[in-house]
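Open the model in a viewer and keep the selection panel at hand. The stops below go from a single residue to the interface between chains.

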Amino acid sequence: MTTLPNLTQKKLGLVIDLDTCVGCHACVISCKGWNTENYGAPLSDQNAYGADNSGTFLNRVHSFEVQPTGDEAAAQLIHFPKSCLHCEDAPCVTVCPTGASYKREEDGIVLVNEQDCIGCGLCAWACPYGARELDQAEGVMKKCTLCVDRIYNENLEEVDRIPTCVRTCPSGARHFGDLGDENSDVSKLVAERGGMDLMPEQGTKPVNKYLPPRPKDALPEFDVLAPFLEPVAQEAKGFLGWLDKTLEKL
Amino acid sequence: MHPAPSVIIFTTFSGLGFGLLFWLGIDPTPPTGWVAFVFWLIAYAMAVGGLLSSTFHLGRPERFLKAFSQWRSSWLSREGIAAVTTLVAMGLYGLGLVFFGTAWQHLGWLGALGALATVFTTSMIYAQMKTIPRWNMNLTPAMFMSYALAGGALLKGNITMAIVLLAIAGVVQVFTWVMGDKAFENSGTTMATATGLGNIGSVRAFEPPHTGTNYLMREFIHVVGRKHSQKLRIIGVALGIIIPVVLLLLPIGHWIALIAVASHIAGVLASRWLFFAEAEHVVGLYYGKR
């Protein structure tokens with residue numbers, strides 16, 4: 001059924017720390033590795049070794065440069081992993097004509113039942129985040145499952161019962177938990193660090209949160225007496241001064 | 001957005017076909033016999049041909065029957081139901097007119113209502129997309145409806161009605177472009193809101209996630225041909241609206257009518273190509289392409 005549940009018992013999702021992500025793409029690779037051989041159809045590649053290669057990924061890492069405004073602060077490079085945000089008001093679910101896309105009442109995970117998907121692509125149109133990709137080999141829509149086949153999988157060690165991207169992240173930039181429970185570790189982290197929604201104006205109410213980069217340190221004044229010292233001469237003298245004046249006249 | 005030929009053909013021809021079915025359905029003195037047969041043949045060729053064309057962009061077209069199930073939430077599902085209801089009602093209505101020379105008028109009215117519903121639901125598939133601000137306007141259904149009614153009147157040969165409706169469609173189309181050009185900016189979605197990094201400073205895409213392309217970029221970040229958009233708009237309005245109106249004002253014959261129809265179809269195809277090619281999806285912001 002492609003109508004959304006009024007309330008989900010849990011809001012399982014990810015918290016992604018933009019301050020600690022180093023942009024190594026390990027989450028991308030482990031995601032592709034796990035999901036190509038587990039839930040649903042494999043994540044195919046087209047022309048993988050040719051000139052014009054492309055393929056299906058459920059998680060991609062962008063990198064953005066931010067130039068702080070005002071003072072002459074240095075530009076910052078921010079690595080930005082992006083996957084399905086498992087929105088509370090998921091527009092991808094309600095547009096689905098077949099009922100293949102659905103949001104689980106028990107934990108809020110948004111999934112695609114691939115047997116029902118006709119590959120119309122409308123859910124990918126409706127997603128502002130580019131979280132859904134139509135697999136070119138299988139003709140069905142692929143998206144992050146929040147590793148639904150890991151998190152409840154009792155055949156795995158308990159430590160592995162988290163999404164593979166979280167398990168693999170070497171810098172601890174990804175966290176998994178119930179964002180509907182305000183006492184959960186992830187909810188506390190979001191409260192502490194000012195976790196934010198992407199494109200809040202789109203009204204999707206994403207469950208996944210992003211932790212903004214912490215403010216950068218300012219370069220300290222290295223000598224308390226420095227401001228009281230004589231300013232260094234600004235005007236050039238001697239040969240350089242002559243050269244400066246001469247070139248100025250030309 | 002990627003201007004896929006299948007959806008351009010689908011929206012253009014099914015719009016015309018269902019537009020014609022609307023006028024056939026409400027006609028108080030409908031044609032009978034061979035004349036009715038030809039009208040119904042044209043309407044069904046366009047409406048059904050358009051619908052079939054739309055299945056070419058499906059990844060799994062063989063499962064299309066499932067698409068009728070989610071009418072509670074999905075405009076695409078509603079469109080499917082409206083289209084089939086219309087085609088069945090108008091098919092029976094046509095049967096009566098062609099073979100029995102009788103007008104089962106209630107079926108005609110039901111079919112006409114269904115035809116309007118079909119075009120409206122088609123337009124809402126696009127208009128509902130908050131992710132594509134250029135489409136996310138009331139003008140989108142108005143544009144689809146006015147083109148379908150004008151094209152249908154033109155095919156039906158309701159000359160006065162066609163002239164008036166073509167003029168209306170032209171005005172709506174121009175407004176759609178004028179408002180659409182400002183829509184992305186007015187939507188408030190920017191790289192700052194997309195990344196949440198706007199309060200640090202100005203955000204620029206530094207490095208994409210991969211060196212090649214992907215499904216998202218092919219489907220949503222189409223920029224080819226935008227530079228010709230002004231010319232194509234003029235061509236679209238000239239062929240789709242102005243030439244047919246001028247031809248209809250001349251003493252009309254079948255050949256002139258045929259030229260008017262051909263010109264109208266070419267114009268609508270050009271406008272519909274622009275409808276897709278010019279539409280900017282907000283996901284492009286993550287790729288620095290907006």
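A polar contact is a pair of N or O atoms within 3.5 Å; within protein, one must be able to donate a hydrogen and the other to accept it, and residues adjacent in sequence count only if both atoms are side-chain atoms. This is a predicted model, in which local features need pLDDT of at least 70 and side-chain atom pairs count only at pLDDT 80 or more, while totals for chains, interfaces and linings use all residues. Residues are numbered from 1 along each chain as its sequence is written, chains are lettered from A and ligands numbered from 1 in the order written, and side-chain values use heavy atoms, without hydrogens and water.

Select Thr8(A). Its side chain reaches the backbone oxygen of Lys10(A) at 2.8 Å. Thr8(A) counts as buried because its relative accessibility is 15%, buried being under 20% relative accessible area with a 1.4 Å probe and protein chains only. Beyond its neighbours within four places in sequence, Thr8(A) is in contact (heavy atoms within 4.5 Å) with Lys103(A), Arg104(A), Glu105(A) and Gly108(A).

Next, show both chains. The contact takes 61 residues from chain A and 60 residues from chain B. Three salt bridges are counted between chain A and chain B, each a side-chain nitrogen of Lys or Arg within 4 Å of a carboxyl oxygen of Asp or Glu. For one of them, select Arg204(B) and Glu65(A), whose side chains meet at 2.9 Å, N to O.

Technical notes. Buried < 20%, exposed > 50% of the residue type's maximum accessible area, 1.4 Å probe, protein only.
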